[in-house]
Amino acid sequence: MTKKIAVLPGDGIGPEVVAEAVKVLERLRRDFGLNIELETAPVGGTAYDQTGKPLPEATLKLAQTADAVLLGAVGGPQYDTLPRELRPEKALLGLRSELKLFANLRPAILYPQLASASTLRPEVVAGLDILIVRELTGDIYFGEPRGVRTLSNGEREGFNTMKYAEHEVERVARVAFDAARKRRKKVCSVEKANVLETSGLWREVVLKVAKDYSDVELSHMYVDNAAMQLVRAPKQFDVIVTGNIFGDILSDEAAMLTGSIGMLPSASLDANNKGMYEPIHGSAPDIAGKGIANPLATILSVAMMLRYTLNASALADRIEKAVSKVLDAGLRTGDIYTDGMKKVGTKEMGDAVAAAL
Ligand code: IPM
Ligand code: MG
């Protein structure tokens, strides 16, 4: 059966990197029998410009009816002064919550070819392979009440609500333990249970779930310590499971261990492994339109799509090997460039991966 993929390029460098990922998908369709159809729709600031809404109904509908979603990036400085409801970020959060994509997988893998591109010493990061499982539809990002109110003395006060219900913690914990079983069988649950009630309950639920996974080693870490350990000795981690805001912060930190945020893909999955796939970097307005963005994170997101949603893991392997081959050949976009390598632009990088499939 033909699988439908919703393609949402978005803003900034989104359209440039998504074009290269689409190139890879089309090559797989042409040469390797991948049975897919693609349909493109606007999202984020681009959608706001065209329709007045960052997440138009037609785009949401397409995402809901598609088998998988490929997203570029959203956001840009020209939209930062819009009311919060109309900002591009709202489209991303809306897609995540409407599609119930509660489990966000963010692997941080250091390609050996890029060990010298990391800002950390090669021996600290060589062989790094971490999976961050970030809860994506709860926490302070979605918690009510929220807002800005005026106090009796006339001063304004902003407020948000951090909260997690037991079932939200349980289902994401299971995703993390299941993933660990296919890896080095270690889960580190990250929270702030020394201060926050939400975190105390999080820890309790994770401990309960762990009883079903006696073959997986569980540890707990406070988020401040985790931030430190990630740069001190990142290879101690296998799978990290954490809440929405802590995962947002730690996954950017983990990305830098690998040399560049331009290398890291992500999958956001619902309970049935339907998913949205996106690079974890943002729209990078400073380099948008210059043809120099690294498309590898988006191309590697397609590999995750093939593995998790389209049940085509052999093709996922093929993409990952092609990326490795291209790095072996010395091709580098600016963000991962080191002396002696061949500097290429977005299109050349995409062409090279498509050719190496
Ligand atoms: C991410 C991004 C988003 C988030 C923004 C763009 C809303 O930083 O996917 O990590 O905070 O989740
Ligand atoms: Mg982020």
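Seven names to hold on to: Glu89, Leu92, Arg96, Arg106, Arg134, Tyr141 and Asp248. Keep in mind that this is a predicted model.

What kinds of residues make up this shell? By class, five are charged and two are nonpolar.

Where do they come from? Helix α4, residues 88-98, gives the largest share, with three residues. Now the domains. Domain 1 covers 1-101 + 290-357, and domain 2 covers 103-269. Each of them supplies at least three residues to the shell around ligand 1.

Next, the polar contacts. Take arginine 106. One of its polar side-chain atoms sits 2.8 Å from an oxygen atom of ligand 1. Then aspartate 248. Here an N or O atom of the side chain is 2.9 Å from a ligand oxygen. Then tyrosine 141. Its side chain has an N or O atom 3.3 Å from an oxygen atom of ligand 1.

How much of ligand 1 does the protein bury? On its own, the ligand exposes 320 Å². The protein buries 77% of that.

How many aromatic pairs does a search of the whole structure find? Three. I'll show you two of those pairs.

One is tyrosine 48 with tyrosine 79. The ring centres are 6.4 Å apart, and the planes meet at 80 degrees. Planes over 60 degrees apart count as edge-to-face, so this pair is edge-to-face. Where do the two partners lie? Tyrosine 48 is in helix α2, residues 45-51. Tyrosine 79 is in the loop between β3, residues 68-73, and α4. The pair therefore ties together parts that are 31 residues apart in sequence.

Are these two tyrosines buried or exposed? Tyrosine 48 is partly exposed, at 24% relative accessible area. Tyrosine 79 has 6% relative accessibility, so it counts as buried.

The other pair is phenylalanine 177 with tyrosine 213. Their ring centres are 4.8 Å apart, and the planes are at 15 degrees. Under 30 degrees counts as stacked, so that is what we call this pair.

Phenylalanine 177 belongs to helix α6, residues 166-181. Tyrosine 213 sits in the loop between α7, residues 197-210, and β9, residues 217-222. So this pair ties together parts that are 36 residues apart in sequence. Both phenylalanine 177 and tyrosine 213 are buried.

Terms used. Residues numbered from 1 in each chain as written. Chains lettered and ligands numbered in written order. Predicted model: local features only at pLDDT ≥ 70, side-chain atom pairs only at ≥ 80, totals over all residues. Heavy atoms only, no water. Near = heavy atom within 4 Å. Polar contact = N/O pair within 3.5 Å; in protein donor to acceptor, adjacent residues only side chain to side chain. Areas by Shrake-Rupley, 256 points an atom, 1.4 Å probe, with all protein chains shown as cover. Helix = DSSP H or I, 4+ residues; strand = E, 2+ residues; numbered from the N terminus. Nonpolar A, V, L, I, M, F, W, Y, C, P; charged D, E, K, R; others polar. Domains from an automatic or database assignment. Phe/Tyr/Trp six-rings, centres within 6.5 Å; stacked < 30°, edge-to-face > 60°. Buried < 20%, exposed > 50% of the residue type's maximum accessible area, 1.4 Å probe, protein only.
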